[in-house]
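Please open the structure in the viewer and display the side chains.

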Amino acid sequence: MASVSSSINVYTPRATLGNGTRNSIILRKPSGRLDTTVPLDERARTNLLEALLRDEQTTLDSLEKVLILIDSMNYEAPDNGEAPPKPRPQWKLSGFQGGAFAEYALTVINDATSQGDVSEESLNGVRNTLCTILQSSPDHLELTRALYVLRFSAKHSKLRQRFVDDDVTRALMVALEQTAKSPRKILFPLVIDSLCYFIADERLSRGVINRFYATSDETETTQTRISLALDVKVPVHLMATLKMIASLAQHRPDLCNEFRPKLYELAKSARDGVGSAAVKALVTMNAQQVTQDVYICNTLGYLDDILPPLDVEIVGSVSSDNIAELPSILQVNGALNEDFIRELLSTVQSRNVRERMAATFTLLKLCRNAMVREFCTRNDVLDIFVKQLERKKTSLLAAYALRKCLEYNMCTSDHCLRAAPVLVSMLEKNWFDDAIGRVEGCEIFRGLMTSADLRKDVIESDIVLALIRMLAGGERHQTRMSLICINILDQKPPLDLKQYVGDSIANLQDQDKDVRMKGVKVISALAQTAAGERAIKERLNNILGILSQESRTLSRSQIVGVPSVLYNLAKNETLRELIRDSQEFTDWKNRRHNSISDPQHRATLRN
């Protein structure tokens, strides 16, 4: 059976507040919280071991979870205080074939659950297996799994204590040299990650560092292993090496001085994350004047890593003027590094999209500090953003920045007055129908309208008239954006749309078909908003009055749009009841029924 909407030839809005929304994909990091009430019964253990043996990444994720579960698990309390607690379970593989890594998984789990009752023979078996594989060719099928396993062990202090000894670190150095030249890009960073954990371990750090600064066993050169690692050409490998140097600088900065020239060279010229990693290593080494002659985006990349995201609220930060809260590279002799902020302001105006976005986001993060805000205000940062509203390529990012500046109380009434007509123009050009990261344009507009001054200025700039014109066009994205903006603007004082509804009702009686359709589109769309509903309720008698004139003054072409309007108004429960209970609608319905019942009229329809 055909639906009502498909059997009636009426206009319906192409977009509604409930449909057609372009939701941006939000990627969030997992919280890491686990449900500790899940019972570790035999089935759960079986499922876990199946996952442990399926592939290397699942192995690590599952092993991570089970250790957290074990640490947080509440075992049943004994009936009386003298009885011993129930023993923790020993897990068995129950016939699963997983080779050395099944043995590793079983050993780790039992070691955690039995509080160290695993035999030294089992531990030695795991260590020997790891050492053998680590010293094998990079093409070895088990090497990737072995490196994942080792990194997993390295980051847990208890596992590191139990499984990693001098033989394992020696084998890892062999893997360092071999994977540095391997085309399999994933291997070398895995080696470096493990070494970073070992450097931070007092028991292992001395042996690891000594081997770093020893000459390579695989080459005939006199270069040390760490020098060879810095000479790698693959960006991913180089970033991993720089991460290791930063870790080393935290514990032994005196050993890193020889790398300063190389790090400065990378910080000045390298791209794609390598330069940012070099800046981080230099800052960790307490290098002075890091920002001088350094490619700006490398510094911005480093700052982006250490500054809290813009969507994270920092209590008290907006009013803080403590220079010590700023990153060290923004401090010069206890004062604000104004030269860097000036360069940052210049980069905000760059034509390079990547540089401009990085600079803008970094500046907004730094503006949480009152000293930075004051300096930026003196240097007309608001003028920059208002001017960028005028260009399509920069407009939405500038609107986002302006929203944050409103949150920081940096905008004056003059800035709001100048920005208002440009924001209206952005809406008409549909420039808000996009997103900055995971923040949609309509949410940016909502944030801007939290300012009473800016809301007043945009209304005085005829934004409502612009939104009505967008509704009259009937284009899906513009209709959706108009409806959202009308709802956003409908605050205190409430939005008054009676004049625009009255104009649209007048359009319904126009001889021109296109003009009538504009009236249909506007009234049908406005019925979805609270402001539109209020205005239509006050003018509903005017719409129904057109029906009462059907057999007298109006031509058929003039009333053809009214059924479409009524059909769409009827979707609103309040308006539907008012229409149904009105005398005009009842009279019209009776006339139509009598007309259709007339034999002469039926004969006309058949012909």
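In this tour, a residue is called buried when its relative accessible area is under 20%, exposed when it is over 50%, and partly exposed in between (1.4 Å probe, protein chains only). The model is a predicted one, in which local features need pLDDT of at least 70 and side-chain atom pairs count only at pLDDT 80 or more, while totals for chains, interfaces and linings use all residues. Residues are numbered from 1 along each chain as its sequence is written, and side-chain values use heavy atoms, with hydrogens and water left out.

**First stop: a pair within one helix**

Select Asp166 and Arg170. The two form a salt bridge, with 2.8 Å between the closest N and O atoms; the term denotes a side-chain nitrogen of Lys or Arg within 4 Å of a carboxyl oxygen of Asp or Glu. Both belong to helix α8 (residues 166–180), and because they are 4 residues apart there, about one helical turn separates them. Helices (H or I, at least four residues) and strands (E, at least two) are DSSP runs, numbered from the N terminus. Asp166 is partly exposed, at 37% relative accessible area, and Arg170 is likewise partly exposed, at 39%.

**Second stop: a pair between two helices**

Select Asp193 and Lys243 next. Their side chains form a salt bridge of 2.8 Å, N to O. Asp193 is in helix α9 (residues 187–199) and Lys243 is in helix α12 (residues 235–251), so this pair ties together parts 50 residues apart in sequence. Is Asp193 buried or exposed? With a relative accessible area of 15%, Asp193 is buried, whereas Lys243 is partly exposed at 45%.

Now select Glu338, Asp339, Arg342, Glu374 and Arg378. Salt bridges link these residues in a network. Across the whole structure, a search finds 25 salt bridges.

Finally, select helix α27 (residues 513–526) and helix α30 (residues 562–569). Their axes lie 9 Å apart and the packing angle is about 10°. Axes are lines fitted to C-alpha atoms, for helices over the stretch in contact, and angles run from 0 to 180 degrees between N-to-C directions. Helix α27 is therefore roughly parallel to α30, a description used for angles under 35 degrees. In the contact (heavy atoms within 4.5 Å), Val520, Ile523 and Ser524 of α27 meet Ser564, Val565, Asn568 and Leu569 of α30.

Note on methods. Parallel < 35°, antiparallel > 145°, perpendicular 65-115°, else oblique.
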